[in-house]
Amino acid sequence: MIANVNRIGRFTSSQIWKLMTDGRGENGLGAPAITYIEEKRAERCLGRSIDLGAHSPALVWGKVMEVVGFEQEMGLDYSLCSTETITHPKYNFWSGSPDAITVNKAVEMKCFYPKAYYELSRDLMLEDLQKIKANHKEIYWQVLSNAILLGLNKAEIIAFTPTEKQLIEVREKLLNTDFAMEKLGMKDWQVRWIYEKELYELPYIPGNIQWPNCVKFEFDVPTEDVIALTKRVLLAEKMLSV
């Protein structure tokens with residue numbers, strides 16, 4: 001995403017939750033929102049992303065497991081599209097990269113480390129939208145933003161972590177095939193740690209544990225939140241254009 005011209009200087013779904021923070025800043029915005037607006041200003045002035053694109057282990061893990069999750073847990077009605085960036089049909093300063101789509105919903109899959117996976121999967125199983133909105137605001141506003149960009153009125157959040165068997169299989173693929181480059185566009189040095197570490201040092205659910213390794217929650221996109229987010233993005237663009 002670092003050199004993606006469709007994201008440079010634009011408000012993007014992955015960070016758009018910041019615009020929904022309230023505080024003592026200009027127009028009642030919170031500090032995360034004010035900082036985010038200034039970052040977008042810097043990108044527009046410099047003509048490039050201010051993010052240098054470090055490949056953290058958590059980021060690499062998420063990209064690898066996203067592919068594994070969709071290949072092994074999702075049906076044929078899902079289309080993986082996380083490498084594509086779309087822009088709002090009316091406001092070209094608003095863009096996003098949905099993980100996947102179906103004919104009627106935007107989909108976001110999160111492949112977290114154990115503690116965060118437990119917390120997200122637990123709340124998804126409760127199917128309480130207000131709890132998810134409160135406890136996982138970054139994910140909620142991200143998938144909501146992508147639903148708006150796609151013109152869809154449904155969204156789905158998925159939590160995935162591999163089973164022990166799935167992890168062993170993907171480690172073998174990363175070690176013995178071109179899976180990393182062909183499926184992920186990644187080089188071996190970026191993923192080597194996944195098959196070099198001891199198995200217990202990596203996230204997975206042991207074979208004798210009943211907790212699900214994939215949890216989905218689909219919901220109707222609240223009209224009031226679509227209006228609220230759109231107003232915030234328009235306000236941020238107005239502030240940025242001054």
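Which residues in α2 meet which residues in α6? In this predicted model, W61, V64, M65, V68, E71, Q72 and E73 in α2 meet Q166, L167, E169, V170 and K173 in α6.

## Helices α2 and α6

Helix α2 spans residues 57–73, and its axis lies 12 Å from that of α6. The two helices pack at an angle of about 115°. Angles of 65 to 115 degrees count as roughly perpendicular, and α2 and α6 are therefore roughly perpendicular to each other. The crossing in which α2 passes α6 is right-handed.

By residue class, the contact of α2 with α6 has six nonpolar, two polar and four charged residues. Among the residues that meet there are W61 and M65 in α2 and L167 and V170 in α6.

## Helices α6 and α8

Helix α6 (residues 164–176) also packs with helix α8 (residues 188–196); their axes come within 9 Å and cross at roughly 140°. The class of roughly antiparallel begins over 145 degrees; α6 and α8 are therefore oblique to each other. Their crossing is left-handed.

On the α6 side, the contact is made by R171, L174 and L175. On the α8 side, D188, V191, I194 and Y195 take part. The residues of this contact of α6 with α8 comprise five nonpolar, no polar and two charged.

## Aromatic pairs

The structure holds eight aromatic pairs. One of them joins F11 and Y36: the ring centres are 5.7 Å apart and the planes stand at 65°, so the pair is edge-to-face. This pair links distant parts of the chain, with F11 in strand β1 (residues 11–12) and Y36 in helix α1 (residues 31–46), 25 residues apart. F11 and Y36 are both buried.

Y140 and F219 form a stacked aromatic pair, with 6.0 Å from centre to centre and 25° between the planes. Y140 belongs to helix α5 (residues 137–150) and F219 to strand β8 (residues 214–220), so the pair ties together parts that are 79 residues apart in sequence.

## Burial and the aromatic cluster

Are Y140 and F219 buried or exposed? The cut-off for buried is under 20% relative accessible area. Y140 has a relative accessible area of 0% and is therefore buried. F219, at 6% relative accessibility, also counts as buried.

Y140 and F219 also belong to one aromatic cluster, together with W141 and F217.

How values were computed
Residues are numbered from 1 along each chain as its sequence is written. This is a predicted model: local features need pLDDT of at least 70, side-chain atom pairs count only at pLDDT 80 or more; totals for chains, interfaces and linings use all residues. Side-chain values use heavy atoms; hydrogens and water are left out. Axes are lines fitted to C-alpha atoms, for helices over the stretch in contact, and angles run from 0 to 180 degrees between N-to-C directions. Helices (H or I, at least four residues) and strands (E, at least two) are DSSP runs, numbered from the N terminus. Angles under 35 degrees count as roughly parallel, over 145 as roughly antiparallel, 65 to 115 as roughly perpendicular and the rest as oblique. A crossing is left-handed if the near helix is turned anticlockwise from the far one by less than a right angle, and right-handed if clockwise. Contact means heavy atoms within 4.5 Å. Ala, Val, Leu, Ile, Met, Phe, Trp, Tyr, Cys and Pro count as nonpolar, Asp, Glu, Lys and Arg as charged, and the others, Gly among them, as polar. Rings of Phe, Tyr and Trp (its six-membered ring) pair if their centres lie within 6.5 Å; planes under 30 degrees apart count as stacked, over 60 as edge-to-face and the rest as tilted. Buried means under 20% relative accessible area, exposed over 50%, partly exposed in between (1.4 Å probe, protein chains only).
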